[in-house]
Amino acid sequence: DEHLNLDDGRWEDIHVVTGALKLFLRELPEPLGKGQGWDGEIQDPALRGRCIRDLVLSLPPAHHDTMKVLFRHLCRVVEHREENRMSVQSVAIVFGPTLLRPASEEGNMAMHMVFQNQVVEHILNHYGYIF
């Protein structure tokens, strides 16, 4: 219910805006990329790509639609990588752990992060196919 004035000077720092977005996404009761299958267990790249697309398509409508808009924006961020230094890999590192939490906290957290980043990279690189 709070109305924000985005022209206010405190929103000029992109790190503040990005941090607020990441905090919001982290505090959702369920992550946008909820469910099983984001753990990178499929080695064949073509099969993994279809699996990621199927997982995105199987998300509840609110999660799917939010991810579609968010990834469309992140693709635009990557398009300006020469100015903002945000490559696909950089965006994946920043947003992977926030968007795709593992189904369980068990296992190697570093490996979970690698898989999360790979999935986000894949979605960014194949946005048109996935959405």
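The model is predicted, so local features need pLDDT of at least 70 and side-chain atom pairs count only at pLDDT 80 or more, while totals for chains, interfaces and linings use all residues. Residues are numbered from 1 along each chain as its sequence is written, and side-chain values use heavy atoms, with hydrogens and water left out.

**Helix α3**

- Helices are DSSP runs of H or I with at least four residues, numbered from the N terminus.
- Helix α3 takes in residues 61-79, and at 1.5 Å a residue its 19 residues should span 27 Å; the expected span is 1.5 Å times one less than the number of residues.
- The end C-alpha atoms of α3 are 27 Å apart, which agrees with that span.
- The buried residues of α3 are H63, H64, M67, L70, F71, L74, C75, V77 and V78; buried means under 20% relative accessible area, exposed over 50%, and partly exposed in between, with a 1.4 Å probe and protein chains only.
- Seen down the axis of α3, these buried residues fall within an arc of 150°, so they line one face of the helix; the arc is that of the directions from the helix axis to the C-beta atoms.
- On the other side of α3, P61, A62 and E79 are exposed.
- The cover over the buried residues of α3 includes α1 (14-26), α2 (45-57), α4 (81-84), α5 (88-99), α6 (109-125) and α7 (127-130).

**Aromatic residues**

- Rings of Phe, Tyr and Trp (its six-membered ring) pair if their centres lie within 6.5 Å; planes under 30 degrees apart count as stacked, over 60 as edge-to-face and the rest as tilted.
- By this rule there are 2 aromatic pairs.
- The rings of Y127 and F131 have centres 5.0 Å apart and planes at 40°, so this pair is tilted.
- F71, Y127 and F131 form one aromatic cluster.
- Y127 counts as buried, at 17% relative accessibility.
- The charged end of R53 sits over the ring of Y129, 4.7 Å from its centre; this requires NZ of Lys or CZ of Arg within 6 Å of the ring centre and within 35 degrees of the ring normal.

- R76 lies in helix α3 and counts as partly exposed at 43% relative accessibility.
- The C-alpha atoms of R76 and L124 are separated by 9.8 Å, with the two residues 48 apart along the chain.
- H122 belongs to helix α6 and is buried, with a relative accessible area of 17%.
- Not counting residues up to four places away in sequence, H122 touches G49, I52 and I130; contact means heavy atoms within 4.5 Å.

Note on methods: Helices (H or I, at least four residues) and strands (E, at least two) are DSSP runs, numbered from the N terminus.
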